[in-house]
Amino acid sequence: MRVEVTIARTTTLPPGAIDALACELSRRIEQQFPDFANRVQVRYAATNNLSVLGAGKEAKDRVSEILQETWESAEDWFSEP
């Protein structure tokens, strides 16, 4: 399973936010899917999107929930450099 998250270039994020999101999302996904460590990529693109490759619908739905939870709790895990 590979997870790719793209964030619209028009979204203003603080410095280091993309890397911090990738690390936190990787950590949370690894807790649920330990066999898929270090297979998360977060980057800027034209639009916001989540792709979960090589997984069934249930896993994709769970990854989507994890992303939503991670994004909503950013104030808990993200601190600007």
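Glu-24 is in contact (heavy atoms within 4.5 Å) with Thr-70 and Trp-77, leaving aside its neighbours within four places in sequence. This is a predicted model, where local features need pLDDT of at least 70, side-chain atom pairs count only at pLDDT 80 or more, and totals for chains, interfaces and linings use all residues. Residues are numbered from 1 along each chain as its sequence is written, and side-chain values use heavy atoms, with hydrogens and water left out.

**Glu-24**

- Glu-24 lies in helix H1. Helices (H or I, at least four residues) and strands (E, at least two) are DSSP runs, numbered from the N terminus.
- Glu-24 is buried, because its relative accessible area is 12%. Buried means under 20% relative accessible area, exposed over 50%, and partly exposed in between (1.4 Å probe, protein chains only).
- The side chains of Glu-24 and Arg-27 are joined by a polar contact of 2.6 Å. A polar contact is a pair of N or O atoms within 3.5 Å; within protein, one must be able to donate a hydrogen and the other to accept it, and residues adjacent in sequence count only if both atoms are side-chain atoms.

**The largest nonpolar core**

- The largest nonpolar core has 21 residues. Such a core is a set of buried Ala, Val, Leu, Ile, Met, Phe, Trp, Tyr and Cys residues joined through side-chain atoms within 4.5 Å.
- Ile-29 and Val-42 have the most contacts inside this core.
- Two or more residues of this core come from each of E1, helix H1 (17-32), strand E2 (40-45) and helix H2 (57-72).
- H1 gives the most to this core, with seven residues.
- Val-42 is in contact with Val-5, Ile-7, Ile-18, Leu-21 and Ala-22, its neighbours within four places in sequence left aside.

**Thr-6**

- Strand E1 (residues 2-8) holds Thr-6.
- Thr-6 has a relative accessible area of 11%, so Thr-6 is buried.
- Its side chain reaches the backbone oxygen of Thr-47 at 2.9 Å.
- Beyond its neighbours within four places in sequence, Thr-6 is in contact with Arg-43, Ala-45, Thr-47, Asn-48 and Asn-49.

**Ala-59**

- Ala-59 is part of helix H2.
- Its relative accessibility is 15%, so Ala-59 counts as buried.
- Met-1 and Phe-33 are in contact with Ala-59, leaving aside neighbours within four places in sequence.
- Ala-59 and Phe-33 sit 26 residues apart in sequence. In space, they are 8.8 Å apart, C-alpha to C-alpha.
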